[in-house]
Amino acid sequence: MSTLKDKYASVISTAESVGIRNLKVQEQDGILYLSGEALNTSQKDKVWDELGKIDATFTATDININIQIAELIIGSPLIVNTESSNLNIRQEPSTDSAVVAKAAKDETVYLLEQTSHDWWKIRTLNGEEGYVYTRYLKIN
Amino acid sequence: MKKVILTSTLAFVFSLGAISCKKEKTEEINPSVEAEVATNETEDVVEVNKVDEEIMQKVEDAVKDFPTVKVEDVDGVLILTGEVSATQSRRIKESVDALNIGEYQNNLVVK
């Protein structure tokens, strides 16, 4: 077993035990790459929580965790997961694009399209549509 | 006998001339080869010492919501600096890791 796999053994075993799909663990150029798909945010969070036990400041660069939420059904409810502020809903999938609406923290919005890893198209209960940064969405 | 000595002396002188000519030729070739190598090295260095623009843009987008965080390109190495909370640091790493950018330096200071 390599040193990095040793160092992050608990992160790898957590990813396995919570059922991350298509889990890939690969070491390259001094970085341990761990990737796969989670069914919800809680699965993904458990892996990151485990990393927090080893690297409390989340600044390690010898591990790269790329766990994405698996394909969801259109219309799936998503919870706005900002720290406190409103979430910008934008016209296009870019932070340079105009803000067309805002969603409050803990508000439920609905999935229209998983456009990319970073951006999803959503609709609010009021019928406002646009793109939001996926980092601020929680899937139960 | 004199003739033989003269001939061999001449042969010796000629061969010396031939060697020195050869030497000159070699010296003539070498500088241009060195120049070529040097040019290539310079080009390589320029390429290596710059972070890909697309990567810079993506990382800048990922940290846009954290005004205390700076993304820098120092001699081709992408460096994150600034003060953040542990929660913010985690969100930043989640976003940056999702970009699969490979090696970078995370110099964020967690308060």
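# Close-up views of a predicted two-chain model

**View 1. A salt bridge within chain A joins Lys7(A) to Asp62(A).** In this predicted model, the closest N and O atoms of Lys7(A) and Asp62(A) are 2.7 Å apart. The pair links distant parts of the chain, for Lys7(A) belongs to helix α1 (residues 3–7) of chain A, whereas Asp62(A) lies in the loop between α3 and β3 of chain A, and 55 residues separate the two. Counted over all chains, the structure holds 13 salt bridges.

**View 2. Chain A is built from three helices and 10 strands.** Followed from the N terminus on, the elements of chain A come in the order α-α-β-β-α-β-β-β-β-β-β-β-β. Taken along the principal axes, the box filled by the C-alpha atoms of chain A is roughly 55 × 25 × 25 Å.

**View 3. An open sheet of three strands in chain A has the order β1-β2-β3, with mixed pairing.** Which strands stand at the edges of this sheet in chain A? They are β1 (21–28) and β3 of chain A, each of which pairs on one side only. From one strand to the next, the twist averages 10°. As a general point, the strands of a sheet pair through backbone hydrogen bonds, and this pairing is either parallel or antiparallel. In this sheet, β1(A) and β2(A) run antiparallel and are joined by six bridges. Looking at individual residues, one finds that Gln28(A) has Ile31(A), in β2(A), as its bridge partner.

**View 4. Salt bridges and polar contacts cross the interface of chain A and chain B.** Five salt bridges are found across this interface, and 17 residue pairs are in polar contact across it. A salt bridge between the two chains can be followed at Asp96(A) and Lys64(B), whose side chains meet with an N to O distance of 3.0 Å.

**View 5. In chain B, three strands form an open sheet in the order β1-β2-β3, and the pairing is mixed.** Why is one side of β1 (70–74) and of β3 (105–110) of chain B left without a neighbour in the sheet? Both strands stand at the edges and each has a single partner strand, so one side of each has no neighbour there. Neighbouring strands of this sheet are turned against each other by 15° on average, direction ignored. Helix α2 (residues 53–62) of chain B packs on the sheet and touches β1 and β2 of chain B, its direction making about 160° with that of β1(B). Helix α3 (residues 86–98) of chain B also packs on the sheet, where it touches β2 and β3 of chain B, and its direction makes about 155° with that of β2(B).

**View 6. The strands β1(B) and β2(B) form a hairpin with two residues between them.** Strand β1(B) and strand β2 (residues 77–84) of chain B run antiparallel, and five bridges join them. Along this pairing, Val71(B) stands opposite Leu80(B) in β2(B), while Asp73(B) has Leu78(B), in β2(B), as its bridge partner. In the turn of the hairpin, Asp75(B) has a positive phi of about 50°.

Terms used
Residues are numbered from 1 along each chain as its sequence is written. Chains are lettered from A and ligands numbered from 1 in the order in which they are written. This is a predicted model: local features need pLDDT of at least 70, side-chain atom pairs count only at pLDDT 80 or more; totals for chains, interfaces and linings use all residues. Side-chain values use heavy atoms; hydrogens and water are left out. A salt bridge is a side-chain nitrogen of Lys or Arg within 4 Å of a carboxyl oxygen of Asp or Glu. A polar contact is a pair of N or O atoms within 3.5 Å; within protein, one must be able to donate a hydrogen and the other to accept it, and residues adjacent in sequence count only if both atoms are side-chain atoms. Two strands pair if DSSP finds at least two bridges between them. Helices (H or I, at least four residues) and strands (E, at least two) are DSSP runs, numbered from the N terminus. Axes are lines fitted to C-alpha atoms, for helices over the stretch in contact, and angles run from 0 to 180 degrees between N-to-C directions. Contact means heavy atoms within 4.5 Å.
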